[in-house]
Structure formats: C-alpha cells, structure tokens
2 protein chains.
Amino acid sequence: MPKVIFTPQNKEVEVEKGTDILKAADQAGLYIEGDCAGRGTCGKCRVKLTAGENTEPTSSEKKHLSASDLEKGWILACQRTVEGNMTIEVPVQKDAHLRKTSLAGGVEKLECDPVIEKIELKLDRPAVKDQTADLERLLGKLGRPDLEISTREIASLPKLLRGNSYNVTAAISGNRIISVEPGNTTEQVYGLAFDIGTTTIMGSLIDLTDASVIAVSATTNPQNAYGADVISRITHASESAENLKQLQGKVIEAVNKIIKELMKETRVARDRIYELVAVGNTTMSHLFMGIDPTYLAPAPFIPAYSRALEVEAGELGIRINPGGRVTFLPNIAGYVGSDTVGVILAAGMDQRSDRCAAIDIGTNGELVLKANGRLMACSTAAGPAFEGAQIKHGMRAASGAIESVDYLDGDIVVKTIDDAPACGICGSGLIDGAAALLDAGLVEPSGRFVNPEENPDKVADHFKKRLRKGNGGYEFILVNAEESDSGEDIVLTQGDLRELQLAKGAIYAGLMILLKEAGISETDLDKVLLAGAFGNYVRKESALKIGLLPQLPLDNIIAVGNAAGDGSKMALASKAIRNRAAGLPEKVEHLELSTRPDFQDIFVDAMAFQ
Amino acid sequence: MPKVIFTPQNKEVEVEKGTDILKAADQAGLYIEGDCAGRGTCGKCRVKLTAGENTEPTSSEKKHLSASDLEKGWILACQRTVEGNMTIEVPVQKDAHLRKTSLAGGVEKLECDPVIEKIELKLDRPAVKDQTADLERLLGKLGRPDLEISTREIASLPKLLRGNSYNVTAAISGNRIISVEPGNTTEQVYGLAFDIGTTTIMGSLIDLTDASVIAVSATTNPQNAYGADVISRITHASESAENLKQLQGKVIEAVNKIIKELMKETRVARDRIYELVAVGNTTMSHLFMGIDPTYLAPAPFIPAYSRALEVEAGELGIRINPGGRVTFLPNIAGYVGSDTVGVILAAGMDQRSDRCAAIDIGTNGELVLKANGRLMACSTAAGPAFEGAQIKHGMRAASGAIESVDYLDGDIVVKTIDDAPACGICGSGLIDGAAALLDAGLVEPSGRFVNPEENPDKVADHFKKRLRKGNGGYEFILVNAEESDSGEDIVLTQGDLRELQLAKGAIYAGLMILLKEAGISETDLDKVLLAGAFGNYVRKESALKIGLLPQLPLDNIIAVGNAAGDGSKMALASKAIRNRAAGLPEKVEHLELSTRPDFQDIFVDAMAFQ
C-alpha cells in the first residue's frame with residue numbers, strides 16, 4: 001500500500017490506493033480543516049504536495065487555487081487520491097489556540113450543591129457469627145439498603161474491603177452508588193462541564209467540593225471533517241449506521257482528549273471525576289449519544305428525544321470513573337438545543353422579571369425572550385457566517401484574523417488578532433467591515449457595493465484601487481497581498497455581504513417574531529444579552545449599525561460570554577439547577593418560524609443594512 | 001403492504017415489499033433456524049412456499065435443495081423476499097427429547113402476573129404544529145413521562161416509528177421501557193427460568209401471557225471442566241481475573257445454547273424473550289455475574305452480595321432481547337443460595353403453617369425448616385456422593401446406571417436405567433445398594449462390610465464370590481465383568497460406603513440441628529419434602545433404612561421434584577412471588593453449622609446406618 005507522510009507533523013500512514021488525502025490524514029490522526037465535507041466547494045483543505053507525483057488539477061482546484069499556487073504544489077486534500085508514495089505539507093492550523101478569555105463565561109461563582117455525595121465508611125469485619133455479605137454490610141452502614149450499584153462495583157468489593165481494613169468511601173449519585181474507593185477520598189470530588197459546539201468543544205474541570213473551576217480546555221470539533229454545519233453532519237450520519245458511529249466516535253474522542261489535557265494540567269485522577277454534564281445543539285446531542293438524527297433535517301424537524309439523557313461513562317467510552325454519569329441536558333426542539341437551555345440557566349431567563357432577550361450566535365443562532373410572563377425560544381437559519389464559513393476569506397477568531405475594521409479619518413483600517421499578518425477575517429471583523437464600508441459610503445443600505453464605474457463620485461479616490469471587480473460582483477481589498485500572510489489579497493466580497501445580510505436578517509427577524517408574539521416592540525426591551533464567544537468580541541456599535549441588534553442604548557446590550565457553557569457548569573455544580581434544566585422543555589414555548597406566515601416578510605425587510 | 005401467513009403457527013404479518021422472509025418471520029415473532037445469518041451458505045432455513053408466487057431459485061437454493069424439493073415449493077427463507085401475499089410453512093423441529101419428567105417440577109400451574117407489561121400504541125404523526133420529539137410522543141401516549149429507556153432503544157425509535165405508521169408496542173419492566181417493537185406484538189411475551197446447578201443447567205421457556213411452560217431443555221454445566229464441586233471452581237476463579245471471566249463465559253455460553261434449543265423447538269423469536277430469572281447456589285450466582293467468589297471458600301464464608309441482582313441481558317451477553325432483564329434471585333448465605341430460595345418459594349415454606357422440612361440434595365445439600373413460626377436454613381457439607389462423585393463406579397443418572405438394588409429372595413438384584421448393560425451406579429442405586437447390603441446382613445450398622453473370613457456364617461454362600469477384598473477393604477460385586485458395559489466388575493466398595501455415610505450423616509445431622517433449634521424432634525415433623533431430581537428417584541424405604549431421612553410414615557415424605565427450578569419459574573411468572581423472593585434473605589434465619597459446638601457430636605452419631 002502506498003505511504004503518505006504528512007509534514008511538519010511527521011505522521012506516516014499507509015492507505016489503500018485511491019483513498020483521498022483528507023481520509024488519509026484522518027487515519028494519520030491529523031485534522032485538515034474544511035467546511036464542505038470534501039465536496040470541493042469550500043476550497044479550505046489546502047495542502048502542499050512536496051514529494052510524489054502531481055496530477056492535473058481538478059476544476060474545483062482551478063477555481064480555488066491560483067495558477068501560481070498550483071505551480072507551487074498546492075492542492076485540495078479532498079480532490080486528490082493517493083496513488084503512490086507522497087509527502088504532504090499540512091499548513092499549521094491557525095485555530096489551534098483559542099484565546100482563553102473566550103472560554104470564560106460570565107458567571108462569577110457557581111452554586112455548590114452537587115449531585116455526587118461522598119461518604120467515608122468504617123465497616124465491622126465479618127465473622128462466623130456475622131456473615132452479612134459485603135454489599136449488604138456496606139449498605140447497612142450507609143443506612144440505605146435500597147441503593148443501586150453495578151455488578152462491576154460489587155465485583156470489586158471483596159478485595160477492596162479486605163485490602164483496606166474495611167475503610168472505604170462510597171460515591172453516591174441519586175439512588176446509585178457509582179464508586180467505592182479505598183480509604184477516605186471525600187476531599188476528591190470532580191466533575192466536567194462540556195459545551196459541545198458544532199465548531200468548538202470546550203470542557204471545564206470543576207472541583208465539586210467548592211464548585212470552583214480549576215481548568216478549562218478547548219478543541220475543534222473533529223466532526224468538522226464531515227461538514228461545518230449541522231445539516232452536513234445529519235446527512236452524513238443518516239447515510240449509514242457506521243457513519244453515525246463514526247461521528248459519535250469523533251466527538252467522544254475529542255472529549256477524551258480535553259479530559260486528558262485537563263487531567264495533565266491539574267493532576268486530578270481519572271477515577272475521581274464522577275460526572276460530565278454537557279450542553280450542545282440538538283444535533284450535537286444526538287450525535288454524542290449515537291442516536292439517529294435523520295429526522296431533525298427535514299420538516300417537521302423532529303428530535304428522537306427531548307429529555308435529558310443520563311448514561312454511564314463506560315457505556316459511551318468517556319474516560320472518567322467508569323461508573324461516572326454523563327448527562328446531556330435536555331433539548332427544547334430540533335433546533336433549540338440544550339445549549340439554549342444553558343443560556344436560559346446562566347442568564348436566569350426562567351427566573352428574571354424584566355423584559356429580556358438573549359441571542360446566542362454560534363454556528364446556528366438561537367433566540368430566547370422573556371416578557372410578560374412568557375418564556376419563548378426560536379432558532380434562526382443564520383448559518384455559520386459569523387464563524388467565517390461561507391465567507392471567502394472567512395476564518396475563526398485565531399491569530400492573524402482581522403477582528404476589527406474601522407472607518408477612520410476617511411480610511412478603512414484593519415486590526416488582526418495578535419497583530420499578526422492577516423490571513424482572513426473572523427465574525428467580528430466581518431460585521432465591523434460591513435459597518436465601516438457603510439460608513440465609508442462604499443456599500444449601500446441594500447447591501448450592494450457602490451458601482452465605482454457608474455458612480456465614480458461616491459468612491460473616494462484612495463478606495464478606487466481597493467474596490468475592484470471580482471467573480472461575483474465587486475469586492476473590497478481589506479489587506480493587500482504584500483501585507484497578508486498568504487501572499488494574496490484579503491477581500492470582502494459582494495457574496496460575503498450577502499451572506500452577512502442573510503445571517504443578520506434571520507436573527508433580527510426571529511427576534512421580531514418573538515417580540516410580536518409577546519406583544520411588545522424592540523424598544524420595550526430592558527436588556528439584550530449576547531451569548532457566545534461572538535458576543536464578547538462583536539463591537540456593539542457595528543452590530544447596531546448593520547441592524548443585527550435592536551435599537552437600544554448600548555448599556556442595555558450586554559455580552560454574557562459563553563452562557564451555554566456556563567449553564568452546563570451551573571447544572572454540574574448544583575442539583576437544584578439540574579432539576580430546573582430538566583423542567584425547561586416543558587416551560588419554554590418553542591416558536592417554529594417556518595410556520596409563521598409573517599416571517600418571510602419580516603425577514604426580507606430585516607436583510608437591509610439599516 | 002403484502003401479507004405473509006406462517007403455518008402451522010398461523011402467524012400473520014404485513015411487511016414492506018422486498019423484506020426477506022427471514023425478517024418477516026422475525027417480525028411475526030417466529031424463529032427460523034440458521035447458522036449463517038442469512039448469507040445463504042448454511043442451507044438451514046428451509047421453509048415451504050404453499051401459496052403465493054414462486055420465483056426462480058437462487059444459486060444458493062440450487063445448492064442446498066434438490067430439484068424435487070424445489071418443485072414441491074421448498075425455498076430458503078433468507079433467499080426470498082416478500083413481493084406479494086404468501087403463505088409459508090415452517091417445519092416444526094423434532095428435537096432430542098430429554099426425559100421431561102426429570103426436568104419437570106411439582107408445581108402444576110404457575111401464577112400469571114408477570115413483571116413485563118406490553119402495550120400497543122397508535123401515535124399521532126408529528127407535524128410542524130406538533131413537533132414533540134419521538135420519545136416524548138411515545139411516553140405521552142403511555143401517560144408515563146418518567147419511564148426510563150436506554151439510549152439504544154431511543155436510537156432505534158425514529159426509523160421504527162416512521163417505518164410502521166407510528167404503530168408500535170412497548171414492552172415495559174417496572175419503570176423501564178425495555179423494547180419498542182413494530183406493530184402489535186402484545187401476544188408475544190416470553191421469559192426464561194433457569195436453574196444453574198453446579199452439575200446441570202436447566203432452562204424453561206415460559207409464555208408469559210398465560211404462564212405456561214412451553215419448552216424445557218438442559219445441559220451439563222461446562223464449568224465441570226474446572227472441578228465437580230464449588231470449592232474447585234472458587235479456587236480456579238480466585239487465581240486470576242481471566243479465570244473468573246472464563247468460568248463466567250462457560251455458564252453464559254451454556255445458557256445461550258439452551259436458549260437456542262428452546263427457540264428452535266418452539267419457534268419463539270429471540271427478541272420476544274424479555275426476562276431470564278435464575279436460581280443457583282451462591283457460588284454459581286457469583287460466577288454467573290462475574291463477581292469474585294474468593295471469600296466464599298474460607299471461613300467465615302462471606303458472599304460479595306446477598307440481594308437479587310438484575311442486569312441487562314446485553315451486558316451479560318445473554319442472547320435474548322438485548323434490553324431484556326436478567327435476574328438472579330437473592331442468596332441467603334455463602335452456602336445457602338437462591339436455589340434454596342427457589343425451594344422455599346415452590347414449597348411455600350414461608351407461607352405454610354405445618355411443621356415442614358425441605359431437603360435439597362444436589363451437588364451440595366441444603367435444608368430448610370419451617371416450625372413454630374420460624375423459617376431456618378442451613379447447608380451441609382454433604383459432598384457430591386449422591387451425584388456419583390467420589391464413588392468408585394459412581395455416575396450420573398444416565399442410561400446404564402444402576403438405579404435400583406433389591407435384596408429379593410435372598411439375592412441382591414440390580415436394575416439399570418433403560419435396562420442397558422451396567423456401566424456404573426447413580427445416587428438412588430447407591431442408597432438402594434447400601435440398604436440391600438444391610439438387609440442381606442453383609443454390612444454392619446457401623447458401615448463396615450462383614451469380614452467373611454472372620455464371620456463366615458454371616459455371609460451366605462452365594463455371596464462369598466461377590467464379597468471380595470479390594471484395595472481399601474472389602475467390596476461387593478453388583479454386576480460382574482461379563483454382564484457389564486465396560487467389561488469390568490461394577491462394585492460397591494468400603495470407601496463408597498464411607499462416602500455415603502459422611503454424606504447422609506451430614507444431611508441428617510444438619511436436620512437434627514435445625515429441629516433442635518426449633519425445639520422439636522424429628523417425629524414432630526408433619527412433612528419432609530425431598531427437592532431435586534434425586535428426590536424423584538430415591539426409594540424412600542431405602543433412605544429411611546440407611547438413616548438419611550427422619551423416621552416418619554412414608555406418606556409424609558414427599559418428592560417435590562426440581563423445586564429450586566420451580567421457584568425460578570414462579571418468580572419469573574409472578575411479580576408478587578418475585579417480591580416474596582427478594583424479602584427472603586431478611587426472613588430466613590441462617591444457621592452456620594460450623595459454629596455449633598453440638599454439631600460434631602450429632603454428626604458422628606448420624607453416620608451410622610440405623
């Protein structure tokens with residue numbers, strides 16, 4: 001079988017002839033980014049063939065790579081198959097390191113009332129006159145003869161008791177003993193809170209004796225290889241049971257990787273982690289649990305389940321205490337998942353009395369409104385534009401991403417993360433960019449670039465070089481080739497603006513429908529909460545300028561950080577909050593926008609930049 | 001959808017066009033044998049197409065069926081799909097028939113009040129205006145939103161509901177849905193009752209709609225390869241985790257083999273079997289569950305657990321419905337297991353008001369006494385002599401075993417099972433043999449053979465040839481070499497008599513201790529029940545003669561058959577009886593004979609044949 005070497009990671013793999021390079025990399029344990037599940041439409045899986053026979057570029061490659069790039073050996077990993085030995089250079093991913101601040105949520109102190117209870121026991125030794133069995137001896141001492149316990153734990157009891165002078169500690173979750181441990185381990189009680197995003201998976205290790213967050217880590221969701229959006233993942237999963245298993249395997253693997261990192265950082269032993277509480281959108285929840293998500297995709301968008309699912313860690317292959325409990329919080333609807341439940345918990349939406357909207361913009365957009373005693377939620381088909389997908393030079397918020405764009409002193413000025421040479425544009429940069437171009441008069445409220453040929457007066461001279469004709473209309477050069485990281489111009493295209501309009505229009509229209517249903521107008525809102533990493537970085541002025549947010553005083557628009565993740569932490573640390581979460585699917589009214597005859601009209605209006 | 005009728009079972013099923021007949025039979029709840037999982041390589045799934053369109057035979061059919069068979073309509077179920085209405089004849093398996101009597105217990109009619117409940121559901125289809133998730137839709141219809149269910153069952157729900165017009169049947173066990181099935185399967189509810197003996201494993205398949213036993217099968221416990229007695233098995237298991245796993249694997253394998261035979265005989269489909277209730281001694285219970293039995297062997301003989309253990313069939317690898325529940329009834333002590341719990345249930349020991357003793361003689365001997373409002377149990381180190389172990393020509397009760405020995409008209413006459421040439425002596429033959437030798441004056445009450453040299457008058461002349469000196473004292477030739485199956489003399493030795501004395505002495509002494517504890521004497525007993533296959537075959541007169549049983553009128557000594565197995569059937573068929581079983585470890589006073597200072601004295605007395 002031909003061998004492929006990936007550099008600079010120096011991973012080797014032998015694969016069947018005809019395997020595509022994307023799959024080969026996957027086998028080698030390397031993740032190559034892409035948004036289109038290998039269909040050749042996104043052009044993001046650029047790699048460089050440095051040894052081995054090159055073949056004719058495909059039409060997709062010709063579209064996404066310049067002639068000079070092709071000359072240099074750049075190819076698209078999804079477009080080429082392995083036919084002989086080859087060496088492939090994989091450019092180092094820029095998103096490997098997320099800024100830690102983007103992981104933190106807004107909740108300062110977690111309520112500490114954990115589900116897990118630990119009790120140290122000193123048992124009497126058995127004797128011929130006291131032949132009580134080991135398990136019943138333990139349960140008797142606990143005074144809870146009806147506690148459940150797995151055969152695995154019973155099996156280890158005899159040696160455990162005799163090896164530790166009958167002094168052990170029981171970890172109890174609800175009506176179940178999940179672990180029996182040597183000696184006194186009551187000080188060691190840990191849990192994990194996870195936010196399983198379509199794009200990013202974040203995990204926090206929490207000391208459950210005081211509910212303190214002791215370490216945080218994140219990684220890219222490796223399901224990305226099967227498409228950036230949930231629909232691609234559902235499509236892949238619905239094709240076969242193996243595919244579903246594969247997607248489940250990917251996310252479990254990523255979770256285990258994060259757990260390993262958290263353990264490494266904190267030195268907490270695996271067996272002392274007893275719980276994992278996760279949130280994520282409904283598709284992520286289904287895939288995590290290995291449950292067929294097929295019918296989430298077509299109308300009427302029906303999930304297999306809505307309740308919180310709790311399973312044993314060992315059953316899922318999650319590497320914590322094998323008897324540990326893994327709970328995925330409940331979802332509300334096919335496109336309003338437990339991530340929204342997390343937002344509701346973190347923002348206290350179910351308990352607050354002001355009129356408040358929460359907007360969570362991740363790969364999908366979810367909205368929650370609390371007003372006039374009602375708690376309502378909906379999802380919008382915002383698409384992943386704010387995470388850089390579908391945007392020509394879109395990228396995630398990593399080093400070198402253009403994160404802000406200003407119209408200053410008559411010029412358009414950009415700033416990148418870490419001030420590194422620009423390699424793309426992230427969500428906040430995109431919104432800033434549109435706002436700046438509006439300010440500069442280069443884009444009309446309708447979203448069209450001003451045509452510099454028809455309206456030469458409207459385009460300042462120093463912009464004439466930067467506003468040029470591209471494949472799909474005009475495009476504006478934010479950073480020119482000489483200054484960019486890739487050596488090509490970083491542009492904002494007419495297509496990019498259209499994507500942005502569709503995304504922001506969907507969100508704004510969704511909010512309008514919720515407000516209408518509650519019988520209030522946008523100015524009646526006391527607060528708008530921006531959840532998600534995006535909310536931390538978006539410039540509120542720009543968001544208001546392009547009409548993404550309701551017209552409220554800036555002070556009433558509040559970024560609350562990763563509220564979904566915060567919700568998972570809160571539900572991990574507190575039994576009461578976990579119970580509150582369980583009741584939310586019943587409490588929240590879900591509005592299905594596609595059934596609203598007024599939606600299209602509002603949506604079309606909402607697309608304009610005004 | 002086309003309809004398939006299966007005869008002679010008269011099961012009808014409607015299936016999607018293109019479904020293969022094997023699958024259709026499965027949906028109808030019928031099991032069609034095969035070894036190749038439908039690949040067409042084994043040729044075992046022969047069925048006859050008696051109505052409906054016949055098509056060209058496949059190459060697999062041509063290979064496995066003769067031209068004349070094909071002519072007559074024989075086909076392979078795995079090779080044909082349902083394209084229109086058809087009638088299929090499924091040949092009824094003619095199986096090796098075990099002597100049913102040896103398997104049957106004494107209970108005539110089982111109480112029918114099963115734990116498993118089946119409910120057919122016709123759900124409303126989801127719509128954009130009714131986006132309730134599949135699971136919540138199902139639970140809502142059941143009116144039991146809090147029922148538990150495995151992720152495996154949730155995972156299969158979406159396709160199951162949509163493939164069956166939202167008409168399904170839920171199988172519920174307690175607060176758990178264990179299976180959701182296409183269409184109406186409420187008529188198909190089966191369970192298994194097992195008696196896991198140290199030597200023999202017996203299984204009964206029970207129709208839980210009317211609690212009728214529809215098939216019975218048995219096999220040797222393959223753990224026998226690691227020793228005939230429980231101590232050998234414990235020793236092996238305690239040597240390593242692999243050994244324990246190996247012994248567990250052996251018993252699970254034997255159980256699966258019996259299940260396959262029961263399915264073959266009755267055509268019941270695997271997925272329609274929802275429960276398995278087992279009894280066995282405490283060691284068998286530990287090994288079945290894969291739980292370390294090490295500390296059962298040395299004093300103070302402590303089991304790892306006493307309660308009934310219930311686990312999912314899939315977890316143990318028991319091949320019934322993967323969500324099916326496997327319950328091992330509780331044990332009372334290290335050497336008083338759930339087999340004794342079964343005896344207590346079957347004999348109603350916990351409910352009856354007379355003075356009654358039950359004696360279960362298997363590989364070990366357990367005794368139960370109900371008297372003066374107390375329910376007591378003990379175990380005796382009887383050893384497996386009654387099953388032929390430790391006896392020179394001992395064997396199990398199989399063809400050719402000497403099953404009875406008489407002192408008739410001054411001669412000693414033997415009879416073998418099936419009147420086959422003698423190849424050994426089984427438990428009832430051993431007891432008869434000792435009694436006959438006592439009658440003939442050849443054995444003294446002390447258990448010693450009369451010495452023909454010292455007391456030539458006491459040995460009739462025609463016995464002088466048959467009573468000879470062996471290696472360990474005298475021995476009596478029951479069958480001489482010319483007439484035996486093996487071509488060697490079949491003898492009863494002095495050593496055999498000693499083994500018998502030890503065994504019967506242990507049992508009798510145990511009973512005496514129980515009676516003493518209850519403050520009554522043996523003649524105060526109203527009834528003695530003999531449990532176990534042994535009780536069916538032992539001649540009561542002989543047992544009285546050698547002093548194995550208390551001196552009561554013959555009518556008050558009653559063989560009750562496999563009472564332990566009966567108890568498992570009763571607990572399978574009735575929730576109330578299962579609950580009774582769960583309460584027995586609390587209710588039964590366990591007497592540890594080794595702690596009784598009076599035991600040795602009584603035991604030595606009890607060894608004499610008088």
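Predicted model: local features only at pLDDT ≥ 70, side-chain atom pairs only at ≥ 80, totals over all residues.
Strand S13 of chain A, residues 273-280, is mostly covered, with 8 of its 8 residues buried. Strand S10 (residues 190-196) of chain A runs parallel to S13(A) and is joined to it by 7 bridges. Within that pairing, Ala193(A) has Val277(A) of S13(A) as its bridge partner. S13(A) also pairs with strand S15 (residues 325-328) of chain A, again in the parallel sense, over 4 bridges.

Chain A as a whole holds 18 helices and 27 strands. Its radius of gyration is 27 Å, close to the 25 Å that the globule rule gives for 610 residues, so chain A is as compact as a globular protein of that length. The C-alpha trace spans about 105 × 65 × 40 Å along its principal axes. Of the 610 residues of chain A, 54% count as buried. Among contacts in chain A with a separation of 6 or more, 68% are between residues 24 or more positions apart.

Another part of chain A is an open sheet of 6 strands with mixed pairing, in the order S26-S25-S16-S17-S18-S27. Strand S26 (557-561) and strand S27 (589-590) of chain A stand at the edges with a single partner strand each, so one side of each has no neighbour in the sheet. The partner of S26(A) in this order is S25(A); strand S25 covers residues 527-531, and the two run parallel, joined by 4 bridges. Leu529(A) stands opposite Ile558(A) in S26(A).

Helices lie against this sheet. Helix H16 (residues 563-573) of chain A packs on it, touching S16, S25 and S26 of chain A, and its direction makes about 55° with that of S26(A). Helix H13 (residues 494-518) of chain A lies across strand S16 (356-361), strand S17 (365-371) and strand S18 (374-380) of chain A. H13(A) runs at about 155° to S18(A).

A pair of helices in chain A can be followed in the same way. The axes of helix H6 (residues 230-239) and helix H7 (residues 241-266) of chain A come within 4 Å and cross at roughly 130°. H6(A) and H7(A) are therefore oblique to each other. On the H6(A) side the contact involves Arg233(A), His236(A), Ala237(A) and Glu239(A), which meet Asn243(A), Leu244(A) and Leu247(A) in H7(A). By class, this contact has 3 nonpolar, 2 polar and 2 charged residues.

In chain B, Ala254(B) is placed in helix H8 (residues 241-266). Ala254(B) has 21 C-beta neighbours inside 10 Å, and therefore counts as buried. Leaving aside residues up to four places away in sequence, Ala254(B) touches Ile201(B), Thr219(B), Asn221(B) and Pro222(B). Gly433(B) lies 179 residues from Ala254(B) along the chain, and their C-alpha atoms are separated by 34 Å.

The last topic is the contact of the two chains, which takes 38 residues from chain B and 38 residues from chain A. On the side of chain B that touches chain A, helix H5 (134-142), helix H6 (151-163) and strand S14 (309-312) of chain B each supply at least two residues. The largest share of that side, 6 residues, comes from H6(B). Sorted by class, the side of chain B that touches chain A has 22 nonpolar, 9 polar and 7 charged residues.

Key. Residues numbered from 1 in each chain as written. Chains lettered and ligands numbered in written order. Rg over C-alpha atoms; globule rule 2.2 N^0.38 Å. Buried ≥ 20, exposed ≤ 12 C-beta atoms within 10 Å, placed from the backbone. Contact = placed C-beta atoms within 7 Å. Pairing = 2+ DSSP bridges. Axes fitted to C-alpha atoms, helices over the stretch in contact; angles between N-to-C directions. Nonpolar A, V, L, I, M, F, W, Y, C, P; charged D, E, K, R; others polar. Parallel < 35°, antiparallel > 145°, perpendicular 65-115°, else oblique.
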